Amino acid sequence: MAAAVRRVLRASRGWSAALRAPEAPRAQTLRLICTTTAVQKRNIAASGPEKYTEAFIKNQIEEFNLGKRHLANMMGEDPETFTQEDVDKAIAYLFPSGLFEKRARPIMKHPTEIFPKQRAIQWGEDHRPFHFLFYTGKQSFYSLMHDIYGKLLDIQKYQDHLRGQGLLAENRKQINLIGSRWLIKEELEEMLVEKLSDHDYSMCIQLLERLVTLPCCGIEEEYVLKFRKELAIQLKKVVIEPLQYDDQGVAFSTGEGKRKTSRASAVVYDNGSGKITVNGVDYLCYFPVMQDREQLMFPFQFLDRLGKHDMVCTVSGGGRSSQAGAIRLASARALCSFITENEVEFMRQAGLLTADPRIRERKKPGQEGARRKFTWKKR
Amino acid sequence: MAAARLLQAVVPRFSCFPSLGKAAPRTSQLSSRLYGTLLAPEANQQVDPNVINDKLITEPLRHPDFFNVKELFSLKDLFDARVHLGHKKGCRHRFMEPYIFGCRLDQDIIDLDQTMKHLQLALNFTAHVAYRQGIILFVCRNRQFGHLVEVTARDCGEYAHTRYWQGGLLTNAHIQYGTGVRLPDLLIFISTLNNVFEPHVAVRDAAKMNIPTVGVVDTNCNPSIITYPIPGNDDSPLAVELYCKLFKMTITRAKNKRKQMEVLYGLQNKAESS
């Protein structure tokens, strides 16, 4: 409203100025007719938190670098080779904090990581906006959509060109999307430094999916992969220790295992006769119960090597059954060094190499035990 | 009778024809903007920079077709681009009846002679706005041509909006964009309707904000509040490509002319002062 009023007044001034100009070539004075500033005043509450200027951020970066050098001097390190990890360690040493929330502890990081990314003023000296989609309101997002659609059209043109030459069937290049996922809405917002709505995000992903379905989309592969994130590899590669040899030339291997609160460590020797020693005592004396001895012998029986290995193990903690289980796991892990990869896989599938995660469940208040409730009385 | 009544409705629109001789553009907000960005004249300089700027601005206004936009298109080009094809009789808008040549097999045919005149006026006006370094915003909500319009705008160095129009973009600009934003000085509609075949909100908002509009109006559109309507087809790809090409050529021509004139007057100034 105020803008409209100002426009009309300026226009009228402009017209009259155009008529007056030939007569008096003096400096034009801009008499700004004041409209109510209250109308034009920015809604402070709606604008959000105070924005950081370029100069301020630059200042902060200089202070950070200076501070880093001071810190290096204080710790007696070389300021040139002081990395961010060293900074973190130094801060943790100088300002020890007992707070549980890691993000509440004192930190010293580069200002670009602390201050959120901002948008600079979008127009130049003559007030013309820099970006051609500025007046849409969401310039980064719509320019992204524009670019993706442009690439889609390019791929279609390329496909038509190939089809015209009859080479479409051979030149199919698809993008490999296995092992990655599309960026989530928050990540896309961070990339564009702009708020998105769910609808916008879904439109963007749909357009990318459409691009990926084209037969010759391989030409824009690296652009599309910018919007894919690699999924973390779930499985950890099991490392099999190589065999060690003692002074007699007998091969042996060690393994560790646990079950409930028992911890066991076993050494399995080759060229043996099936002798097992537990904590310096023969296994028959240490485990009088048949069930425990069966647990001990299970890995060897599984691999048909019952009488071929000797074992010396130490075990502590827990009860009789859990100690037996711990030794079983330790011996299975030790045996991995003696056998082929396939047999390791068989053992893994049999459950011999997996630590049993079950532990004693705690007692809860208001109940007698972990699960047992108090006697329920009707009245 | 009906024809006479229609002509009466049309006369105010065509009142701009007598002023063809002057070819005065309807906004001079730009001139004051230019004066505002002037540097203070130095004391030792004899020639007042105001005088040069005056000449720069007023020189194009002395000619009816300073940028020679007539040569950019011919009636045959319009016909080949299928600009004369309108919608069916049932979709006809009452206010478009003056621009319709006739109706064949229920399809309205637009009068290309009138289109020529309107197109020349509109292109001339766009050229003047671009010459004075005004901000031009292309608006088109037709999904088929959105990308083309954006590309055209980018190539000219101007701006485009082919997406969902948020309510306060023009009327609530200071809160949406921040203070100090400069609104567009001209809105060009490649299609005045939005996706649900209703008049685009931007025509009304531009009229509210006193921003002149140039728009291609089809037989189902309302041309009343558009400053420079261009009756023509807005649905065929060929027609839209023609319009985009014409606007791009006029704007680039006007900008190049501006650079030439600045250089010319700059040289003249140096010649006079030395």
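In the predicted model, B:Ile136 has B:Leu186 of strand S6 of chain B as its bridge partner. For readers new to sheets, strands are held side by side through backbone hydrogen bonds, in either a parallel or an antiparallel arrangement.

Stepping back, S4 and S6 belong to an open sheet of five strands in chain B, with the order S5-S4-S6-S7-S8 and parallel pairing. At its edges lie strand S5 (159-161) and strand S8 (228-231) of chain B, each of which pairs on one side only. From one strand to the next, the twist averages 20°. Helix H5 (residues 112-131) of chain B packs on this sheet and touches S4, S6, strand S7 (213-217) and S8 of chain B. The direction of helix H5 makes about 140° with that of S8(B).

The largest nonpolar core holds 75 residues, of which B:Phe138, B:Val214 and B:Phe247 touch the most other members. The element that gives the most to this core is helix H9 (residues 237-273) of chain B, which supplies eleven residues.

With neighbours within four places in sequence left aside, B:Val214 is in contact with residues including B:Ala122, B:Phe125, B:Leu186, B:Ile188 and B:Phe247. Also in contact with B:Val214 are B:Leu187, B:Phe189, B:Ile226, B:Tyr228 and B:Ile230.

Most residues other than glycine have a negative phi. A:Asn271, however, has a positive phi of about 50° although it is not a glycine. This asparagine, A:Asn271, sits in the loop between strand S5 (262-269) and strand S6 (276-278) of chain A. A:Asn271 counts as exposed because its relative accessibility is 68%, and exposed residues are those over 50%. A:Asn279 also has a positive phi, near 55°, and is found in the loop between S6 and strand S7 (281-282) of chain A. With a relative accessibility of 33%, A:Asn279 counts as partly exposed.

Note on methods
Residues are numbered from 1 along each chain as its sequence is written. Chains are lettered from A and ligands numbered from 1 in the order in which they are written. This is a predicted model: local features need pLDDT of at least 70, side-chain atom pairs count only at pLDDT 80 or more; totals for chains, interfaces and linings use all residues. Side-chain values use heavy atoms; hydrogens and water are left out. A nonpolar core is a set of buried Ala, Val, Leu, Ile, Met, Phe, Trp, Tyr and Cys residues joined through side-chain atoms within 4.5 Å. Buried means under 20% relative accessible area, exposed over 50%, partly exposed in between (1.4 Å probe, protein chains only). Helices (H or I, at least four residues) and strands (E, at least two) are DSSP runs, numbered from the N terminus. Contact means heavy atoms within 4.5 Å. Two strands pair if DSSP finds at least two bridges between them. Axes are lines fitted to C-alpha atoms, for helices over the stretch in contact, and angles run from 0 to 180 degrees between N-to-C directions.
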